[in-house]
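Here is a short briefing to read alongside the model. Keep the structure open as you go.

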Amino acid sequence: MNTSALWDALKKYDFTFFGISLVIFIMGILNLYSATHASAHISGLYQTQIKWYLFSLVIGVGVSFIQAKNFYRFSYLVYVANLILLGLVLVLGHKGMGAQRWLVLGPFRIQPSEIMKISVILVLARWYSKNNVDSELGLRNLIIPFIIVMIPTALIVAEPDLGTGLLILLIFFVVTFYRRLKLKSLAIIILMGIISSLAMYNFGLKSYQKRRVVTFLNPGADAQGSGYNAIQSKIAIGSGKFFGKGFLNSSQASLNYLPENHTDFVFSIFNEEHGFFGSLILISLFLILFYRFIWLATSVNRIFDSLVVMGIMSLFFWHTFINMGMVMGLMPIVGLPLPLMSYGGSSLLTFGVCCGIATSLSNSRNLF
Amino acid sequence: MFGEDDIVKHHKKRADIIFNIVLFCFSILFARLWYLQIYKGEQLLLYSQENRLRKEPLKAPRGMVYSRNNELLVHNIPRFDATVTPQFLKNKKQTLAKLSEILNMTENKINKILKKNRGQARYRSIIIKKNISRGEVAIIETENFKMPGVGVQKFISREYRDKKVGGHLFGYISEVSQEQPPKFRKRDNFNYRLGDFIGQAGLEEKLDLNLRGLDGYEYVEVDAQGRKKRYIRDDDLFKGLENKRPKPGRNIRLTIDRDLQLKAYEALKDKVGAAVAVDVNTGEILAMISRPSYDPTQFSRGLTQRYWSSLINNDKKPLRNRSIQDHYAPGSTFKTITAIAALEEGIVDENTTVKCTGKFRLGRRKFHCWKQYGHGKVNLKKAIRESCDVYFYKVATQMDIDILAKYARMFGFGVRTGITLPNETMGLVPTREWKQKRYGQDWVQGETLSCVIGQSFVLTTPLQLAMSYSAIANEGKLYQPYLIKEIFNNSGEVEVKYSPKLISEIKISPETYKQIKSGLFEVVNKRKGTAWWHRGSGIQMAGKTGTSQVVNSSPDKLYNKCEEKEYRFRHHGVFAAYAPADDPKIAVGVVVEHGCHGSSAAAPVAKAIINEYMRKYYPELKKNYAIKERVAYSKMINKQKRAAAEKERLAAELEAAKKEEDE
């Protein structure tokens, strides 16, 4: 009796999210090994990464067993708690690389801005699912959601972590669009976005952030060598040609030409070793994952679930698109990791939790 | 009203749009990948194989240092290092063998150096031998094509013109090393990188940010052997990579006079000690010498182990700048302060006399005068001139230590002068409160007796000593001593200009100054003055000798001859002076460790400095004095002649009278 109940649960369990992400992760860990094996001081990073992945998997699977309605119920609580943590970071955060992003709690270092990405998705979904559900959204309906998003965004930008701040705005944009924003309002928002980003650039950015944008727009104004990184990254990608140089054969990585080649620039190492063909496979995997998310968003029963899944999809999508775009020289170098590929515990944990939420929502689809 | 299910269905259209946008975005990425990997692939592969793009650092030249008269004191000279770049090394064994032959070092040693640097990036060159000769440079440059990977690196050496003279003043520069804590590397909010040269002592440390300038870089293409091929021009891919020119460091003009500095260094020959000369009317430091010294040039060229250990293991500690980093008991030079305090507080006046028998009794303790059988009847002037201890013991019985401390502080004792040199010590002026805090004990009057003659707790640096005598000389203006006249950039524009800064105006009656100064004058210029032996030579100097006891109760007897004691028990010789006595221009403080007497060890140093200064800047004054002296001399001779003539006349008269009597 008991075993058959377990069997039923397993039959209903949606393995696709953890499955696809595991495949991507395995490609990522091999790539990380290749990117770091030549430099003695970071060659052990892939082991740390595996430990983090296992930890994230446990948390993610745990999350997948949370009943779907609880995401709805606790969304505000999580959001407010997260805001407090963000405030704490600003007051007594741990400094690293000129920015204040970490909170040290005993042996743990947490980055509240990472968790905030998920909190914002949950809160937005809850708000949208409770207000004017059966009509299209106008600008007036956006005032409260805008406030919900802007408070944490302002705190995160103040850290300063421009990349994450921008990412939250982009997620907000996708979720709002999905929640049937009027096309007229959409046009106005895009216009406002352009104006405000210009204003932000002129008044709100730190010099190194400005430099990155300037370097992107005009590599001639290279000040601290950000243009140099972009060029070395392009050389690495291009030199891979169609089939790549093969595993462990990246010369750019082994010669330390690329800085941060284990975090932000993993994709250029991947391209150098596996070429256009390898990227075709990797990007296809990502696309399958996105497709699965979007399919899930349209198959769940509740509007809240649907919005959450779409939010998670956009989180994955923007990370992937911006990271790949920046290493190819299509976008400024903003320092966003490539999901499941870049080295870094916090980002693995975030994506693990996201997969867990999606799985939980998927499992609860046919309960009624 | 819809069911929730239906609402989700209403969003299907938007979901489709989103998925299409996702597909569109990724097709852009694919197009870009196609462009880079298929279209540009061949070209980029070439770049990647040869790593032809390199970012080369351009070091900014460090600023120079000049004397007050614009003589160059510290500058940079190119030297050459032999290097090996592992990335370009081909048939390693053969190449290294050849290199070892050229450089005259064993292959083993070269291999060891390479092994030590294995952790760093392979395209970075490793220095094999520093400071190679021009001949070696020529051989390597011509044989270069046979030994791929071997090269010559230009290196700018920091050289100090007068070698050991003023080594402490300039300090030295050396590479920021891996061992130095990260905190140190971020000193003054400047991001020092490994291998950067950084000022590690003296002015080089204090003015590092001014001197160092900003490094630049340039992008170069290199060939497979690592040789520069061409500078990046407008290849589409490298559009607009811009080089940054280095910004040279600022230059510094000091208040130091080079001739005076050399003279002081020479005068302190084989002594251990320090001498500081300051301009009485501005606080400019004219000379600052500490011996033994070191040659800072050795540091910037990479210190040999031998030189370093010779500095570190020397118990005379050549790395210390004794003029500010060490403090000494001022000895009798401090009696001037006691005398000022006594006059101002009305404890004595010029007519007060004390009978000195050579010892003074306080309770059950006996205090000795340096002169075993006493000075006899002593007034203030004589007490200063002959440095009578008993006179000041007597004063001490009526003066509280806190009063004395007040006057000492007024003249800058016990307070850091704030000179722009690192690790200045502040000396010590004891008070009741200080003793309570330090030892948890009450002040004892016997200690006051020691303090008034500058022994026991009182401590001063040679710089403080010079500054306090300068304030006496100019009658009450305590200046902040300074070393830097101006800081100017490479095109000669003055960026910062320093001017005299008055710390305080000491409010003391002119009458007091008059008496003190006449006492100090007699120390040098009147018979029985303690520095009588160093009078004259064209300039009238005023000053005070001091002998500071090293050990409170030395195992030898008090009146034993100092020179016969063991070196470490000998007294320090101290001398403080200013000149000319009637219109002071320069003040000098000298301490000679274990020199036994202020008058024999320290005074000649001060005299040499003062003479040199007067010769250089006030030759007419010196001439006038010489004339005055000559006039005085001829007067004396004439007097003697007259006396002799008179005697002769008298004798003649006497003889005449005798003759008359006889007849």
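How many bridges join strand 2 of chain B to strand 10 of chain B, and do the strands run parallel or antiparallel? Two bridges join strand 2 (residues 65–66) to strand 10 of chain B, and the two run parallel. Two strands count as paired if DSSP finds at least two bridges between them. Helices (H or I, at least four residues) and strands (E, at least two) are DSSP runs, numbered from the N terminus.

This is a predicted model: local features need pLDDT of at least 70, side-chain atom pairs count only at pLDDT 80 or more, and totals for chains, interfaces and linings use all residues. Residues are numbered from 1 along each chain as its sequence is written, while chains are lettered from A and ligands numbered from 1 in the order in which they are written.

**Chain B overall**
- Chain B has 24 helices and 23 strands.
- Of the 663 residues in chain B, 40% are buried. A residue is buried if 20 or more other C-beta atoms lie within 10 Å of its own, exposed if 12 or fewer, and partly exposed in between; C-beta atoms are placed from the backbone.
- Among contacts in chain B with a separation of 6 or more, 74% link residues 24 or more positions apart. Two residues are in contact if their C-beta atoms, placed from the backbone, lie within 7 Å.

**Strand 10 of chain B**
- Strand 10 (residues 251–254) of chain B is covered on both faces. Asn251(B) and Arg253(B) are buried on one side, Ile252(B) and Leu254(B) on the other.
- Arg253(B) is the bridge partner of Tyr66(B).
- Strand 10 also pairs with strand 18 (residues 484–488) of chain B, antiparallel, over four bridges.
- In strand 18 of chain B, Glu486(B) is the bridge partner of Arg253(B).

**The five-stranded sheet of chain B**
- Five strands form an open antiparallel sheet in the order 12-11-23-22-21 (chain B).
- Strand 12 (285–291) and strand 21 (542–548) of chain B are the edges; each has a single partner strand, so one side of each lacks a neighbour in the sheet.
- Neighbouring strands of this sheet are turned by 5° against each other on average, direction ignored.
- Seven bridges pair strand 21 with strand 22 (residues 572–579) of chain B in the antiparallel sense.
- Gly546(B) stands opposite Val574(B) in strand 22 of chain B.
- Helix 21 (residues 462–473) of chain B packs on the sheet and touches strand 11 (273–279), strand 22 and strand 23 (586–592) of chain B. The direction of helix 21 makes about 150° with that of strand 23 of chain B. Axes are lines fitted to C-alpha atoms, for helices over the stretch in contact, and angles run from 0 to 180 degrees between N-to-C directions.

**Gln515(B)**
- Gln515(B) lies in helix 22 (residues 510–525) of chain B.
- Gln515(B) is buried, because 20 other C-beta atoms lie within 10 Å.
- Gln515(B) and Ile340(B) are 175 residues apart in sequence, yet 9.1 Å apart in space, C-alpha to C-alpha.
- Beyond its neighbours within four places in sequence, Gln515(B) contacts Leu343(B), Glu350(B) and Leu380(B).

**A helix pair in chain A**
- The axes of helix 13 (residues 303–327) and helix 14 (residues 345–363) of chain A come within 10 Å and cross at roughly 150°.
- Residues of helix 13 of chain A, including Val309(A) and Ile312(A), meet residues of helix 14 of chain A, including Cys354(A) and Ile357(A).
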